[in-house]
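I opened my notebook to look up a few things in this model.

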Amino acid sequence: MRTSVVRFVKDESGATAIEYGLIAAGIAVAIIAAIGALGDALDGMFRGIAGKLVVE
């Protein structure tokens, strides 16, 4: 029983998986923030182009 507990405490594979998950979540948040910021700028640019293309 004692060896099982010691082996469980020394096992770091779960911690590594959690660290990779946190890194992936951080990258995802950064990508979402960048897309949100660029999305507004691109929306304005495309609306300006579309307004110039409309022939009345």
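Here are my entries, from the whole chain down to single contacts.

I am working with a predicted model, where local features need pLDDT of at least 70, side-chain atom pairs count only at pLDDT 80 or more, and totals for chains, interfaces and linings use all residues. I number residues from 1 along each chain as its sequence is written, and side-chain values use heavy atoms, without hydrogens and water.

Overall: I found 2 helices and 0 strands, taken as DSSP runs numbered from the N terminus (helices H or I, at least four residues; strands E, at least two). Of the 56 residues, 0% are buried (buried is under 20% relative accessible area, exposed over 50%, partly exposed in between, 1.4 Å probe, protein chains only). The accessible surface is about 5200 Å², with 71% belonging to carbon and sulfur atoms; I used Shrake-Rupley areas with a 1.4 Å probe, and for residues only the protein chains shown count as cover.

Salt bridge: I looked for a side-chain nitrogen of Lys or Arg within 4 Å of a carboxyl oxygen of Asp or Glu. The structure holds 1: R47 pairs with D43, closest N and O atoms 3.1 Å apart. These two sit 4 residues apart in helix α2, so about one helical turn separates them. R47 is exposed at 59%, while D43 is partly exposed at 37%.

Helix end: I then checked L53, which lies in helix α2 (residues 13-53). L53 counts as exposed because its relative accessibility is 62%.
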